[in-house]
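Dear colleague,

Please find below the structure that I am handing over to you. My notes on what was found in it follow.

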Amino acid sequence: MEPLSTFEIITRILVQLSPVWVSLILLYAVSIAFKRKLGLYGKLFDSPIGMIGFGLVMFWVFTGVYGAMDMIVTHDPLSQVSGMKNKVPGTPVRSVEEGEYAWYLLGGDNLARDVFSRLIKGAWEVIKIAPLAAIFAFMVGITLGLPAGYYGGKLDITLSFLANLILAFPVILLFYLLVTPEIVATGVPNYMAIVLFVFPIIFLAVLLNSRFHTRPKLRTPLLIGVLGLATWMYLQLVSNGGYLINTPDYKIIGLPRVLDFFDIDPGLLVVFVSVVFVNSPTVFRIVRGLTMDIKTRDYVAAAQTRGEGTWYIMLWEILPNARGPLIVDFCLRIGYTIILLGTLGFFGLGLAPESPDWGSTINDGRKLLSIYLHPALPPALALLSLVLGLNLLADGLREESLKD
């Protein structure tokens with residue numbers, strides 16, 4: 001079997017990604033058709049920069065999702081094929097079995113694994129962590145930033161000091177400390193998860209209670225249902241093997257195994273907690289600053305005159321009017337998170353060594369970079385394009401939000 005030419009490699013990759021192209025076309029067609037009814041999201045399609053950024057981001061989102069479903073990968077990203085070590089793109093696989101893809105489209109790495117399949121699977125590793133980590137960081141930052149900016153005084157001084165303390169610590173060194181085996185063995189990341197993951201529950205509780213406090217017949221069952229589900233999900237996240245804390249010295253029992261339907265990989269949990277912990281202080285400072293500005297507006301004074309509660313004012317008067325800068329920062333925050341994940345993977349911290357995440361793949365490929373470009377270049381370009389897309393998307397959202 002002959003190796004593929006450059007044109008054939010590109011063509012086969014485009015064909016392999018056909019579900020992604022179809023999804024993008026359908027998404028753009030529906031979004032443009034109904035853009036006048038879709039608020040700020042619809043206005044995004046009036047901005048060429050925003051559309052390009054959105055397209056880059058959604059390309060990798062669809063790629064990650066379809067890759068997780070094994071729809072577009074060509075080989076098992078962890079399997080090693082004899083004779084394919086460091087082979088160039090388009091090299092045919094030896095002794096192809098029936099139903100197996102006949103080529104390594106982007107070549108093989110130093111362990112004879114398919115670079116293309118690892119690239120696709122790595123997209124899912126990024127997509128499943130970065131947005132969720134950014135959401136959790138925003139939950140923490142909003143829950144603490146609103147009262148700090150609204151009340152001021154000692155509360156603001158205390159929370160601002162803690163935020164500045166975390167921000168003053170070198171990020172990479174902080175990551176090193178959090179993901180080292182000695183620190184993990186003490187259960188510190190689990191304790192951090194228990195604390196950080198409770199903030200979405202607090203946020204939902206005050207959000208619903210402040211909105212429906214005058215309608216107790218609706219508020220009470222709504223709070224019971226929503227908080228019950230949120231608490232169960234919280235215990236799912238922090239429990240591992242039926243334990244909240246599981247160290248060689250002691251154990252703290254968590255959710256019973258019969259109710260614990262999934263466990264997060266300990267390495268993934270450490271990375272997730274580390275990213276949330278590092279991003280939360282920055283979000284806190286942004287929310288605090290916006291709150292201090294918006295609380296002086298006339299509509300806030302009007303809400304105070306009506307006798308509205310403080311949490312109602314913060315969550316239903318101040319927060320909606322801060323959504324423009326927060327949405328823009330959320331997009332940028334995901335980009336920062338992706339870079340942090342890539343940095344962690346590059347240094348071999350947190351995630352399993354065989355993980356196909358882009359940082360680990362770049363690190364594996366750099367060892368032979370002077371001889372072979374193909375193992376390290378695709379994940380590096382993927383990381384660059386996704387972060388660029390998020391930055392362009394943020395620019396487009398900022399441009400449109402300023403027109404309101």
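R118 is buried, with a relative accessible area of 1%. Please keep in mind throughout that this is a predicted model. R118 belongs to helix α5. Leaving aside residues up to four places away in sequence, R118 touches P77, L78, D109, R113, E354, S355, P356, T361 and D364.

**The nonpolar cores**

The largest nonpolar core has 84 residues, and the members that touch the most others are V20, W60, F197, I338, W358 and L386. Helix α5, which runs over residues 115-151, makes the greatest contribution to this core, with 12 residues. There is also a second, separate core of 20 residues, and F138, I142, Y150 and L315 are among its members. As background, nonpolar side chains tend to be buried together in soluble globular proteins.

Not counting residues up to four places away in sequence, V20 is in contact with F59, F62, T63, Y66 and I72.

**Helix α5 against helix α14**

How do the axes of α5 and α14 cross? They come within 11 Å and cross at roughly 105 degrees. The two helices, α5 and α14, are therefore roughly perpendicular to each other. On the α5 side the contact is made by I142, T143, L146, P147, Y150 and Y151, and on the α14 side by T310, W311, I313, M314, L315, I318 and L319. By class, the residues of this contact of α5 with α14 are 11 nonpolar and 2 polar, with no charged residue.

**Helix α10 and its surroundings**

Helix α10 has 14 residues and spans 20 Å from its first C-alpha to its last, close to the 20 Å expected at 1.5 Å a residue. Its buried residues are F199, P200, I201, F203, L207, L208, S210 and F212. The cover over the buried residues of α10 includes α5, α9 (188-196), α11 and α14 (310-321).

The pairing of α10 with α11 can be described in more detail. The axes of α10 (residues 199-212) and α11 (residues 216-238) come within 10 Å and cross at roughly 170 degrees. An angle over 145 degrees counts as roughly antiparallel, and α10 and α11 are therefore roughly antiparallel to each other. From α10, the contact involves I201, L204, A205, L208, N209 and F212; from α11, it involves P216, L218, R219, L222, L223, V226, L227, A230, T231 and Y234. The contact of α10 with α11 consists of 13 nonpolar, 2 polar and 1 charged residues.

**Two positive phi values in one loop**

Most residues other than glycine have a negative phi. In the loop between α4 (48-68) and β1 (91-92) lies D70, whose phi is near 60 degrees, a positive value in a residue other than glycine. N86 also lies in the loop between α4 and β1, and its phi is near 55 degrees, again positive in a residue other than glycine. N86 counts as buried because its relative accessibility is 10%.

**A partly exposed methionine**

Is M292 buried, exposed or partly exposed? M292 counts as partly exposed, at 37% relative accessibility. This methionine, M292, lies in helix α12, residues 266-294. M292 and I10 are 282 residues apart along the chain, and their C-alpha atoms are separated by 53 Å.

With kind regards

Key: Residues numbered from 1 in each chain as written. Predicted model: local features only at pLDDT ≥ 70, side-chain atom pairs only at ≥ 80, totals over all residues. Heavy atoms only, no water. Core = buried A, V, L, I, M, F, W, Y, C linked by side-chain atoms within 4.5 Å. Buried < 20%, exposed > 50% of the residue type's maximum accessible area, 1.4 Å probe, protein only. Helix = DSSP H or I, 4+ residues; strand = E, 2+ residues; numbered from the N terminus. Contact = heavy atoms within 4.5 Å. Axes fitted to C-alpha atoms, helices over the stretch in contact; angles between N-to-C directions. Parallel < 35°, antiparallel > 145°, perpendicular 65-115°, else oblique. Nonpolar A, V, L, I, M, F, W, Y, C, P; charged D, E, K, R; others polar. Expected span 1.5 Å × (residues − 1).
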